[in-house]
Amino acid sequence: MEVVTRFAPSPTGYIHIGNVRSAIYPYLLARQTKGTMILRIEDTDRERFVEGATELIEDTLKWINLDWDEGPIVGGPHAPYFQSERKEIYHAWARKLIAAGRAYADPTPPEIIDSYRKECNEKKVPFLYRNFRPENPPEWEPGLPLRFKAEPKSYDWVDEVMGEMHTGPEVLDDIILIKKDGFPTYNFAHIVDDAEMGVTHVMRGVEYLSSTPNYLAIYEALKISRPKLISLPHILAPSGNKKLGKRDGAKSVTEYRADGILPETMLNYLACLGWNDGTEQEIYTKEELIENFSLDRIQNSGARYDETKLLWLNGQWIRKIFIEQGAKALYDRTLEFWPESAKNHSEDYRVSVLSIIYDRLKTLSDLKIITNYFFEDPTIDLDMLINNKFLKKFSESELESLLKITISKLSNLKNWNAESLQNCLNNLLDETNKKPAELFSLIRISLSFAPFSPALNLTLDVLGREISLARLNSVARSI
RNA sequence: GGUCUCGUAGUAUAACGGUUAGUACAUCGGGUUUUCAUCCCGACAACGCGGGUUCGACUCCCGCCGAGAUCACCA
């Protein structure tokens, strides 16, 4: 049988990294089995609905390179994919339940329900609405909530991640199916939709594990066969033991994108947070994830979100793309991350800058802070030169004469390229009888006035003869 | 409080009855002609506790402890 999975978010704001994993796993499973991935928007809560949230969700999924076979934008045989547009469908199923004597309209005012709940809390007994069912409930009509009529019994089921599950009759209750505003609750809507859409694998966070017996009861009453149930453990906040949420600074995926995290990194990191294939592989492409994913290797305890590792992974991916796809391919991903000053320079020049600094990047936005001196002359900061730990032992006139020798030597260099520059620098070391740490620090700082920069010969090569000599000259004059 | 779940280094994880408990991130130290990184080498560091079962237990069973989830006309 074809595998059908779904991601069913609520449009209540951006989806943060704690949620996207619930989209990744169903996607991987669907692609691995050549099945169907559905995106369904669960917008039955009108109060929490946020304008534009659906688009944000779609953009997020597209950015990490996940697509869907049915859902908003692409449509499909089970449209509409917005729950708010499926009201009649839920009502039709609800009537089936009423006809079977498994649902009833509840006229009890909320205040009375609250008092029941309070009573139970005081007596320290569990609050079960089935013990307070109204006698002779009225016909179900608009304005009245509809409740499921639970039959207390034990349930056994298998959760693909958590294993064999068992609960007693005490957890079954008369949950609300349709709210008084006519919209279904999540508890009812997702069951109807999953059945209508032929969903075979229901993946969601563990917070739904406790409610599962109630869902099982509804499947039974509706004569729907159970899909496979998969509970995904939570992603934990960096500190504490709470599930990662917006309050812990759980950033939206778009924020990571703005920070210069690659989508490949995001997908790779999140997929491997709480799942591994048993090998020691750390870097996975989307294709490799699809190939190797398996439900039974999903972890069953929560995993802590670790941004340091995310950054490390991002560095790995930056290098991987550079090495496997080339400088231009990496460059194409960096367009919005260059400093302002880079605008006045050619694309070829920026690519060559990227080629010598890419292995220093943890995020693409690092470009802004570490490449500026390639695009405009740095401000001369003599203190930085004089106080450098390798240069402090020299007098200013010694520094000046070293610079002058360097300038004259470089001026006479025939071929300005990395290799001959390196030879030239080596000769300079011999001639001046200085250590690399001394001479090279002097040249490096004079060229960049940055705390760090790439290998000296490469920096000179990219900067070019004219600019390099001009900078060295102006430093020599300033001393 | 009821019900359910989880528990290997700081973090993410491997191991599925027999290993000096492996790997990665982080940390610390060292190496690669300057710096910052990359890369390489090395070090530190873990089976929550207590009982069983077994020749043998991180692995199986029980109890405890600790952590989490849930008990909405939110999803």
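**View 1. Domains of chain A.** The centres of domain 1 and domain 4, taken over C-alpha atoms, are separated by 50 Å. Chain A is divided into domain 1 (4-77 + 236-304), domain 2 (86-232), domain 3 (326-374) and domain 4 (382-478), with bounds that come from an automatic or database domain assignment. The model is predicted: local features need pLDDT of at least 70, side-chain atom pairs count only at pLDDT 80 or more, and totals for chains, interfaces and linings use all residues. Residues are numbered from 1 along each chain as its sequence is written, while chains are lettered from A and ligands numbered from 1 in the order in which they are written.

View 2. Helices (H or I, at least four residues) and strands (E, at least two) are DSSP runs, numbered from the N terminus. Ser 468, Arg 471, Leu 472 and Val 475 are the buried residues of H19. They fall within an arc of 95 degrees seen down the axis of H19, so they line one face of the helix; the arc is that of the directions from the helix axis to the C-beta atoms. A residue is buried if 20 or more other C-beta atoms, placed from the backbone, lie within 10 Å of its own, exposed if 12 or fewer, and partly exposed in between. The buried residues of H19 pack against helix H15 (396-411), helix H17 (436-448) and helix H18 (456-463). Exposed Glu 466, Ser 474 and Arg 477 are carried on the face of H19 turned away from its buried side.

**View 3. The largest nonpolar core.** This core has 83 residues, and Val 20, Ile 24, Leu 28, Met 266, Leu 270 and Ala 271 have the most contacts inside it. Helix H1 (residues 17-32) gives the most to the core, with nine residues. A nonpolar core is a set of buried Ala, Val, Leu, Ile, Met, Phe, Trp, Tyr and Cys residues joined through C-beta atoms within 7 Å.

**View 4. The loop between H2 and H3.** Pro 80 lies in the loop between helix H2 (53-63) and helix H3 (87-99), and the peptide bond from Ala 79 to Pro 80 is cis, with omega near 0 degrees. Ile 73 belongs to the loop between H2 and H3 and has a positive phi of about 75 degrees although it is not a glycine.

How values were computed:
Contact = placed C-beta atoms within 7 Å.
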